[in-house]
Amino acid sequence: MIIKSKSIGKFVDYSGRKLNAPQQALIMGASAVLFQPYINRKNKRLDDDTRDMAVARSIGKCIVANSSDFLARVVSIFAVAKLSNYITKSDKNNEDLVTELTPKSKLDIFAPNMKENFEPRTNKELLKDIKSYRYAMGALLATGFAVFLKTTIELPFTKKLTDYFYKREKLKKEIHDKTDGNK
């Protein structure tokens, strides 16, 4: 993608470096909740009933999908953080230089096992790399978790919320029609 605007380029660069997966999910979710129902409401090619159903479905889907996406990302990153404890070995001459990294226990299934092919680095660099690793591994785990959530929980819950919001839309329209008829 070619970005010509420097300010947009800076924003994209900043958000890529500073925003983690759950924060990105919140931003996408808020945008969807704000814009998608509005877009569906203004679609004049649909009859009123279909438009009401589209609005209700978009509200229900946005709430359920974005909530579950956010929760999947948070839970996955938390699980990876809890299951990726490690032990470091430092250089005898330089305590700040880490020379080996191994999982702390058998429960630490997400800890990188790097006895071999480990490039020695400072504690500060290692902490930065481990943080990035945990976010990346959490995002990967969240993808699998999201597939499970979408097929088992999201679909039925979206239908229930769609029905709820559709009934609300119909009720609002009936009340509006009654008040317009009294004029």
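E154 is buried, with a relative accessible area of 8%; buried means under 20%, exposed over 50% and partly exposed in between, with a 1.4 Å probe and protein chains only. This is a predicted model, where local features need pLDDT of at least 70, side-chain atom pairs count only at pLDDT 80 or more, and totals for chains, interfaces and linings use all residues. Residues are numbered from 1 along each chain as its sequence is written, and side-chain values use heavy atoms, leaving out hydrogens and water.

E154 meets K150 in a salt bridge, 3.3 Å from N to O, the term meaning a side-chain nitrogen of Lys or Arg within 4 Å of a carboxyl oxygen of Asp or Glu. K150 is partly exposed, at 38% relative accessibility.

E169 counts as buried, at 10%. Through shared partners, salt bridges join R41, D49, D52, E169, K170, K172 and K173 into one network.

R121 pairs with D129 in a salt bridge at 2.7 Å. R121 is buried at 18%, while D129 is partly exposed at 35%. The salt bridge count comes to 11.

Now the strands. Strands β1 (residues 86-90) and β2 (residues 97-103) run antiparallel, joined by five bridges; pairing requires at least two DSSP bridges. A hairpin of six residues connects β1 to β2, and K89 stands opposite E100 in β2.

Note on methods:
Helices (H or I, at least four residues) and strands (E, at least two) are DSSP runs, numbered from the N terminus.
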